Amino acid sequence: MGEATTKHDDDQRLLTVLKAIKNASKDLHTTPISFTNTSQSAIIKSLLELKNEANSILSADPSLLNLSRLLNSLKSLLDKLQSSQGYGVRSFIRRQFTYYEASRVGNAIMDEIKAWIDHESLKNIVKTMEESGDEDEKIEVLKEFQSRISQGFDSDLQDLILRTKIFSFIESILCDSQCSIGIREESAAVIVSLVKFNKDVFVGFVLMGPTIRALISISSSRSIQVLTSLIKLIKSPLIDIIESNGEIPKIIGLLSSPELAIQVVAMDCVLEIGYFGRREAIEAMLKDGLVEKLMELQRSENGGENEAEAEMDPKKRRFSNCVASFAVQIEVGEGLRQREKREFKLEVLKRARESSVSEAEAATIAAEVLWGSSP
C-alpha cells in the first residue's frame, strides 16, 4: 500500500512538472523576440528551473529518454540566449536565430509531453477500470478522456487509441452487466465522443460491434440519448443495423415507460429514425403500432391530468402533435424516396384515423398531418 502511494505521488509530481514545462515551452514559442523583453527572460528562467527539477525524475523513466535529450538541447540554447546580451545587429541576429531554434525544440518538447500524457492517460483508464472500487473515480477518468478527445482530431492520439485498442475496452465496459448503469452510460458517452473525433474510423467499430444492442438493453434515458446521438452522426447505416437486429419494437416499447424522461428520449429517438430511416425501418415502426402509440400519448397529454401542468409549463407538452411531428420527419427526412414519403404519410394518416376515438379527433389529426406541424 505504501509503495503504491509513493508511486502515485511520484507520477503526480512528474505530471505536474511536465505540464509546467509544456506550458513554458508554449509561452516560449508565442513570445515575440525583442532587445529587452522581460517576459522572455522570465520564461527562460522558468524553463531552466523546471529542467533542473525534471532531471532526477526523467532519468528514472526510460520512456522519457528522448524528452530528456530535448530538454538538454533546450537548456544549451537557453544558456546561449542568456549569454548573448549585446545590442549590435550581429548579436541580435545570432540571438534571433538561437531563439527560433529554441522555439522549435520547445515545440518538439510540447509534442513529446503531450504524447506521454496521452499514453499515461490511456494506461490509467485501463488500470482504474480494472482495479479501482470507487465508482466516482472510474466515471472521472472516463470524463477526462472525453474531454481530451473533444479537443479535436489528433493523428498521434488516434494511432495511440488504435494501438491500445481502447475502443474495444470501453465497449466491453458498456456491455458488462456487472458494471453499474452510471459507468456503462459514461462509457457510452465516450463512444459518441470517439465517433465525433473521427467518424471515418470509429463508425465502423460501432456498426460491427455490440454497442447498439447494449444501449437498447440498458434502456435508461441517457443510454437512449446516446443512441439518438449516434443515429444523428451515423444516420441510415446505423438505423439499418437497429432494424436488422429486430430492435425497433424495443424502442417503440419505451414510449410506454412509466418514466416520463424515458418516454421523452424515446420520442426523440423515434423522430430521428423517421428522419434518417429507410423503407424497412419505417415499415417496421408502423407495423409495431407506432402511430397508435403516438395517438395514445397525444391524447393523454391534450386532455387529462397532465393538461393543467402542461399549460403552466409549455416545455412539458412533450407529445402534443407528435403524430404530425413524425409525419413531418418522414416528409422532410433523408432516408426515403419522394414516392415512399407520400406513401408513408398516407399510411400514417390512415392509421391515425383508425385509432381516433371521435370524428373530431380524426379531423384534427388529419389537418395536422396534411398541413404539417413542427417536429
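F276 counts as buried, with a relative accessibility of 7%; buried here means under 20% relative accessible area, exposed means over 50%, and partly exposed lies in between, using a 1.4 Å probe on protein chains only. The model is predicted, so local features need pLDDT of at least 70 and side-chain atom pairs count only at pLDDT 80 or more, while totals for chains, interfaces and linings use all residues. Residues are numbered from 1 along each chain as its sequence is written, and side-chain values use heavy atoms, leaving out hydrogens and water.

Let's turn to the aromatic rings. A search of the whole structure finds 5 aromatic pairs. Rings of Phe, Tyr and Trp (its six-membered ring) pair if their centres lie within 6.5 Å, and planes under 30 degrees apart count as stacked, over 60 as edge-to-face and the rest as tilted. F202 and F205 form a tilted pair, 5.7 Å centre to centre with 40° between the planes. Because they sit 3 residues apart in helix α9 (residues 199-208), about one helical turn separates F202 from F205. F202 is buried at 0% relative accessibility, whereas F205 is partly exposed at 29%. Y275 and F276 make an edge-to-face pair, 4.8 Å centre to centre and 75° between the planes.

Now look at helix α5, residues 135-149. Helices are DSSP runs of H or I with at least four residues, strands are runs of E with at least two, and both are numbered from the N terminus. The 15 residues of α5 reach 22 Å from first C-alpha to last, close to the 21 Å expected at 1.5 Å a residue; that expected span is 1.5 Å times one less than the number of residues. Buried residues in α5 include I139, L142 and F145.
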